[in-house]
Structures are given as C-alpha cells and as structure tokens.
Amino acid sequence: MQQKKKRFGISLRVELIEKYNEKRDTISQEWTIFLQNLAITPILIPNTLDDVKSYISDVGIDGIILSGGDNVGQFPERDKTEKQILDYAIDKRFPVLGVCRGMQIINEYFGGNVIANDNDNHVGKPHEIHIMDQRFSKLLGHDKIKVNSFHNNIITKNDIGNKLQIFALALHDNTVEGYYHQDLPIIGVMWHPERDPNHNNKIILSKIFHEKDFWN
C-alpha cells in the first residue's frame with residue numbers, strides 16, 4: 001500500500017504590488033517543487049485569516065514550514081499569523097522548520113534577538129558552515145557543508161532564544177546558521193534549502209518531516 005503523503009502548512013511572504021495598490025501573499029515556485037519531490041503536499045497559509053488555528057485544524061496538516069522573505073516587523077499581518085502558527089504547532093507538537101526569516105521569527109518567539117548585519121557578507125554569497133552538533137554531523141556525514149546565503153539579518157550566539165540549541169555556525173563570522181529546540185520538534189536554518197535542493201538539504205528535510213525517531 002502506498003504511504004499517505006504528508007501535508008505541510010507553509011507561511012507566505014507579503015508582496016506589495018504598487019501598480020495595483022494591493023498586497024499579495026506569495027511563495028516561490030521552488031518551494032512547491034522541492035516539497036513535492038520529498039513526498040510532501042504543501043498547504044498554503046494566508047496572512048489575513050480570521051482564525052489561523054481553526055484553518056490549520058480544518059485543512060489537516062502534519063507540520064509547518066515558516067518560509068523566508070520580508071523582515072520581521074515589516075508586515076504586521078504576517079508576524080501575527082506566524083506567531084499564531086507557532087502557538088498551534090507547539091500545542092500540537094508538530095515539527096516546524098524555520099527558513100531564514102522563519103528562523104528569525106522563531107528566535108524572537110523564544111526571547112532571542114535578531115540584528116542587522118553591518119556588511120553584505122551574507123547577501124548572495126555561499127559559504128561554509130561548521131556543524132557543531134554530533135547528531136547533525138552524523139546525519140549529514142560531514143562536520144562542514146556549504147550553504148547558500150540571502151540574508152542581511154543575523155543571529156549571534158549571545159542573541160539565541162531560550163532553549164534553542166545551536167547546531168551550525170558560519171565559519172567566516174561565527175554567526176548562527178542553524179539551531180533546534182531542546183524540547184520541541186523545531187529547527188531553524190538561515191539558508192534556503194528550496195533554492196538548492198542538494199543531498200544535504202533533502203536529508204535534513206526528510207528527517208525532520210518523516211522520521212519521528214529523529215526527535216527522540
């Protein structure tokens with residue numbers, strides 16, 4: 001019997017279309033392609049829902065992806081929606097992956113801080129990261145991997161949220177590239193796996209979303 005596909009909710013960025021004086025919820029096509037290749041059905045979560053928790057419950061999902069794009073604080077409706085998503089996911093113990101902005105808002109949710117970088121050494125510049133955690137280095141078979149980079153906000157080791165355990169640091173400036181929650185199935189990465197669907201990114205997402213043993 002064919003295994004039932006997982007259904008994952010994914011948050012959407014806000015795009016302001018000045019030509020039409022309207023806001024749109026959007027997502028890169030790279031995400032839907034990447035997730036379907038991992039046997040995951042993406043369920044889009046709009047930013048203007050009256051009741052986010054009821055929507056998530058009604059559509060029936062197995063986990064959450066908080067996607068990238070936008071700065072935290074730029075669009076209040078997105079900030080509010082993603083915080084409500086996190087409230088629900090934590091209550092139900094759904095696995096959560098935060099990507100770039102998603103990682104930043106999870107960090108703030110748990111009391112951490114995000115700061116603007118004072119240079120552009122993370123903008124469009126792939127770099128190596130050090131995998132500090134044995135569970136992740138064993139999973140990937142390496143303690144160093146190369147990742148893409150499209151962010152100008154950073155998290156330092158001193159700005160990490162409560163109970164968030166760092167598993168990856170950028171080699172060139174020692175900023176946080178990956179963390180996981182010590183008690184909950186939550187992981188944040190600063191790079192964009194959907195833009196570079198290589199072996200390492202597929203392994204990480206497959207383990208997070210398909211294998212409960214990974215969290216034990």
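Visitor: In this predicted model, does Glu22 count as buried, exposed or partly exposed?
Guide: Buried would require a relative accessible area under 20% and exposed one over 50%, with partly exposed in between. Because the relative accessibility of Glu22 is 32%, Glu22 counts as partly exposed.

Visitor: Where do Glu82 and Arg78 lie?
Guide: Glu82 forms a salt bridge with Arg78, with 3.0 Å between the closest N and O atoms, and both Glu82 and Arg78 are buried. They are four residues apart, about one turn of the helix, and the element that holds both is helix α3 (residues 76-92).

Visitor: Which residues are linked with Glu82 in a network of salt bridges?
Guide: One link is the salt bridge between Glu82 and Arg78. Arg101, one of the buried residues of α4, also belongs to the network. Linked with Glu82 in this network are Asp70, Arg78, Asp79 and Arg101.

Visitor: Why is helix α4 described as largely enclosed by the rest of the structure?
Guide: The buried residues of α4 are Arg101, Gly102, Met103, Gln104, Ile105, Ile106 and Asn107. Helix α4 spans residues 101-109, and it is largely enclosed because the buried residues number seven of the nine.

Visitor: What is the distance from Asp133 to the nearest side chain of opposite charge?
Guide: Asp133 lies in the loop between β8 (127-131) and α5 (134-140), and Asp133 is buried yet has no salt bridge. A salt bridge needs a side-chain nitrogen within 4 Å of a carboxyl oxygen, whereas the nearest side chain of opposite charge, that of Arg135, is away from Asp133 by 4.4 Å.

Visitor: Which aromatic cluster includes Tyr180?
Guide: Phe136 and Phe167 form a stacked aromatic pair, 3.8 Å centre to centre with 5° between the planes. This pair links distant parts of the chain, with Phe136 in helix α5 and Phe167 in strand β11 (residues 164-170), 31 residues apart. The cluster is formed by Phe136, Phe167 and Tyr180.

Technical notes:
Residues numbered from 1 in each chain as written. Predicted model: local features only at pLDDT ≥ 70, side-chain atom pairs only at ≥ 80, totals over all residues. Heavy atoms only, no water. Helix = DSSP H or I, 4+ residues; strand = E, 2+ residues; numbered from the N terminus. Buried < 20%, exposed > 50% of the residue type's maximum accessible area, 1.4 Å probe, protein only. Lys, Arg positive; Asp, Glu negative; His and termini not counted. Phe/Tyr/Trp six-rings, centres within 6.5 Å; stacked < 30°, edge-to-face > 60°.
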